[in-house]
Each structure stands twice: as structure tokens, then as C-alpha cells.
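Please open the structure in your viewer and keep the selection panel at hand.

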Amino acid sequence: MSFSESVQRIAVVGTGVIGSSWAAFYLARGFDVTAIDPAPNAENALRQYVEKEWPILEQIGLSAGASRDRLKFSSDLQAGLKDADFVQENGPERPDFKAKFFAQIDAYTPKKAILASSSSGLTMDVIQAECANPERCVIGHPFNPPHIIPLVEVVGGAKTSEQTIEQAMQFYDAVGKKAIRLHKALAGHVANRLQAALYKEMLYLVQQGVLSVEDCDAAVSYGPGLRWGCMGQSLQWHLGGGPGGIRHFMEHLMGPLAGLMKALGDPQVDDTLRQTVVDGVLTQAKGRSVAELTADENQVLIGLLALREKNGLC
Ligand SMILES: NC(=O)c1ccc[n+]([C@@H]2O[C@H](COP(=O)([O-])OP(=O)(O)OC[C@H]3O[C@@H](n4cnc5c(N)ncnc54)[C@H](O)[C@@H]3O)[C@@H](O)[C@H]2O)c1
């Protein structure tokens, strides 16, 4: 039996922004889910969130046995973890807190379970430092919101076992996520670094007065961003190379591209630039609330993911 086949109950620890989305995702994939959060209104907020997002999860497609009734809630960490086969941790992002928190999670969870942290900014070396069983601890970093965006970045710490990493990769793949393995731990993992690299140049262009915030967003989302929704940049260059594909691209276009990389800018992030971005974003939003924009974006993302699957781009 593979590791994923042995998983029946998933504990989602911390039910804020990311934990709620993970809980909804795992319910939709047909698991028993125990959500754990000590905040006074956490259970109510989570149940409302799952209710609100369920239609979109139905639209994506529910797995056999998926049901909102399979959500249990506990405000007590020990009680909530006692029968977990897999833990997805989403607590506060503070190094001192997270290390002690993970040591507690490790102490309360059955030994065969894997303990995955959603942490965006901490390395597993820091998180597993105080655990009695650090070999079963791994980063499983999602991209927000995990009930819609497939990407999960998997990376261990020095004490994480190879078996844990392989089982975590296999588990995320089996539940329909797109898991990628990072062979080295880096601050911010990878996807956020890629966003930061692009945004650095966007801010530079805006600060230099080359174009407005709105047009800079358009330059991404009406151009390369549309293509990135289909395939990544290296595979795109294969198309950009014409019939000769990536080999032709490397011979004829990589040189100029490498030259352009040297000309990229370094913005000074000051109050004026921040205000310019705020003004530009609010102009683009045209009075639509964050919730409205999120709902609209989610619909487009679901459609895109379905089209990718239909066309074999997954
Ligand atoms: N927000 C994002 O876009 C995003 C994306 C990817 C990963 N992450 C990571 O996910 C984790 C959570 O981030 P968030 O944005 O959801 O934060 P959040 O502040 O929205 O949620 C944190 C939750 O943890 C709960 N909590 C506090 N103490 C707890 C305890 N002892 N036991 C159980 N729960 C407890 C809080 O009540 C809160 O509901 C962080 O590690 C973050 O780096 C966040």
C-alpha cells in the first residue's frame, strides 16, 4: 500500500487564510478532516468558508466520498491530532513559535504520520529543530488558494528523511496537487522568488516613469502572463524558437536575452512608489471589492485548468 492510500484522516492545524482553503480542499478530495484552531470564532469562520467555497469545489469536481460532514473541529491540539495520518500545519509564521509548535505537533501525532508545514518564509531546519522525530517533517508550501491553485513546493530540512520527501511528493500528486521538489532550501522557496524577480523589474519600470502601474499589469496579464497560464517560460522558448525549437532559440536568441538580463533595474522601494502602486491598483479595481475580484479570478482559473487538462497541458 502506498503512503497516500494509507491516509484517511488529515489534520489541518491553523484555519486562517491558508488552513481554511486546505481544509476545503481535503474535504473535496474525500478525506476525513480534523481542523484545529484555538481562536474563539475559528470553527464558525471555517464552516462558513467551506460552505461558501463548496460550489466552486463541486465545479472543479468532487472525489468519491467527499462531504462537508466529514469536517471535525477541535480547539485542542492534542485531541485534534490523535488519529491524524497526515498533518498540514498553517499556524502563525514566527520562527520561535513555529519550532515549539512543531515539537508539540510531533509529540501528539501518531508516529506513522507525515507532518507538513505550509510555511512560506521559514526553512524546515528551523521548524524541525525541537522535534523528537524530525525525519518526518517537511515543507509542503502551497500557492494561495490551495483549493484552486495546484502548486505545492516540497522541501525538507537536514534531518528530513528521503522517505518522507518521497511520500509527501507521492501524497500530493495522488490528491491532485502539482508537487515540485526543491533540492535545496531557500528563503521564500521558489514560486515567491519568481514573483519577486518579476515584480522587481515592474517596480523599476514604474519608478522610472516608463509606464503606469495599470499598463505594467497589462504588459504581464495580456502578454506573457496569458502564456504562463499554459506552460512555463523554458517550454515557451521552445515555441519561440519556431520549427528549430529550443535549440534554435539557444543559438540565436539566448545571447540577446542574456544581455537584456544585465540591463534589468533595481527599484528603490520608498513611500512614493508604494503610493503610486496603491493608486494604480485602486484605479484598476474600478470599485470592485477584493472578494468580487477573487471570485472572478477563481472562475477564470478553474476554466483555464479544465482547458489545460482537456488539451493535455497538465
Ligand atoms: N497567506 C498566504 O498567502 C500564504 C500562502 C502560502 C503559505 N502561507 C503560510 O501558511 C501559514 C499560515 O498563514 P496564514 O496566512 O493562513 O495566517 P493566518 O494568520 O491567516 O492564520 C493563522 C492561524 O493560526 C491559528 N493559530 C494560532 N495559534 C494556533 C495554535 N496554537 N494552534 C492552532 N492554530 C493556531 C490562528 O488562530 C489563525 O487562524 C504561514 O506559515 C504562512 O507562511 C501563507
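Helices (H or I, at least four residues) and strands (E, at least two) are DSSP runs, numbered from the N terminus. The model is predicted, and local features need pLDDT of at least 70, side-chain atom pairs count only at pLDDT 80 or more, while totals for chains, interfaces and linings use all residues. Residues are numbered from 1 along each chain as its sequence is written, and side-chain values use heavy atoms, with hydrogens and water left out.

**First selection: histidine 189.** This residue lies in the loop between β8 (178-181) and α8 (191-207). Histidine 189 has a phi near 55°, a positive value in a residue other than glycine.

**Next, select asparagine 144 and proline 145.** The peptide bond from asparagine 144 to proline 145 is cis, with omega near -5°. Proline 145 itself is placed in the loop between β6 and β7 (151-155).

**Next, colour the two domains.** Domain 1 covers 3-181 and domain 2 covers 192-310; such bounds come from an automatic or database domain assignment. Their C-alpha centres lie 30 Å apart. Across the boundary, 11 residues of domain 1 are in contact with 7 residues of domain 2, where contact means heavy atoms within 4.5 Å. About 730 Å² is buried between domain 1 and domain 2, and carbon and sulfur atoms give 65% of this area. Buried area is the accessible area (1.4 Å probe) that two parts lose on being put together, summed over both. On the domain 1 side, select Gln59, Phe143 and Ile148: these lose the most area to domain 2, together 50% of what that side buries.

**Finally, select the ligand.** Which residues come nearest to the ligand? Of the 23 residues around it, they are Ile18, Asp37, Glu93, Lys98 and Ser120; a residue is near a molecule if one of its heavy atoms lies within 4 Å of it. By class, this shell has 10 nonpolar, 10 polar and 3 charged residues. Ala, Val, Leu, Ile, Met, Phe, Trp, Tyr, Cys and Pro count as nonpolar, Asp, Glu, Lys and Arg as charged, and the others, Gly among them, as polar. At least two shell residues each come from α2 (17-28), α5 (95-108) and β6 (137-142), and α5 gives the largest share, 3 residues.
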